[in-house]
Amino acid sequence: MSAESTNIVGGPKRHPSGPGPEIMAAETLEGNDVYNPAGEKLGTVETIMIDVPRGRIAYAVLARGGVMGVGDKLYAIPWAALTLDTDRKCFVLDVPKDQLKQAEGFDKHNWPRMADERWASDVHAYYNQRPYW
């Protein structure tokens, strides 16, 4: 798999009634819960960010904490760090809960400049991923 790929685990990969899970609408994945391998809920996929010039998914924005979207802390998660579990209809991120809590996050009113390659390189390094570009 290339650096920007997300692994898919779970049931059959081909469904005669639709395109998934290899090709899906981003909105289908938004709102999915994210767990670590220990089964701890880390948060929810808030949105999926596209690198438009490169035509690739750059990040999933993970929301955690808060109540009904108020007070959430957001985290940019490299797309390749996530595994889609089609059986459980969630993502798996292989990080301990404490590591995520220590990650550089942001709030919905103060997003980082995600096109900044220095910032993006630091995010990818934090999650042990190669940059997708």
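Start by selecting asparagine 36, whose side chain reaches the backbone nitrogen of alanine 38 at 3.1 Å; a polar contact here is a pair of N or O atoms within 3.5 Å, where within protein one must be able to donate a hydrogen and the other to accept it, and residues adjacent in sequence count only if both atoms are side-chain atoms. Before going on, note that this is a predicted model, in which local features need pLDDT of at least 70 and side-chain atom pairs count only at pLDDT 80 or more, while totals for chains, interfaces and linings use all residues. Numbering starts from 1 along each chain as its sequence is written, and side-chain values use heavy atoms, with hydrogens and water left out.

Asparagine 36 sits in the loop between strand S2 (33–35) and strand S3 (41–51); strands are DSSP runs of E, at least two residues, and helices are runs of H or I, at least four, numbered from the N terminus. Is asparagine 36 buried or exposed? Asparagine 36 is buried, at a relative accessible area of 3% (buried is under 20%, exposed over 50%, partly exposed in between, with a 1.4 Å probe and protein chains only). Leaving aside neighbours within four places in sequence, its contacts (heavy atoms within 4.5 Å) include Leu42, Val92 and Leu93.

Next, click on leucine 93. Not counting residues up to four places away in sequence, leucine 93 touches Asn36, Ile77 and Tyr127, among others. Ile77, Leu93 and Tyr127 have the most contacts inside the largest nonpolar core, which has 31 residues; such a core is a set of buried Ala, Val, Leu, Ile, Met, Phe, Trp, Tyr and Cys residues joined through side-chain atoms within 4.5 Å. Colour strand S4 too: the largest share of this core, six residues, comes from S4.

S7 pairs with S6 in the antiparallel sense over four bridges (two strands pair if DSSP finds at least two bridges between them), and leucine 82 has leucine 93 as its bridge partner. On the other pairing, S2 and S7 run parallel, joined by two bridges, with tyrosine 35 opposite valine 92.

Finally, zoom out to the open sheet of seven strands, with mixed pairing and the order S1-S6-S7-S2-S3-S4-S5. Strands S1 (7–9) and S5 (73–78) stand at the edges, each with a single partner strand, so one side of each lacks a neighbour in the sheet.
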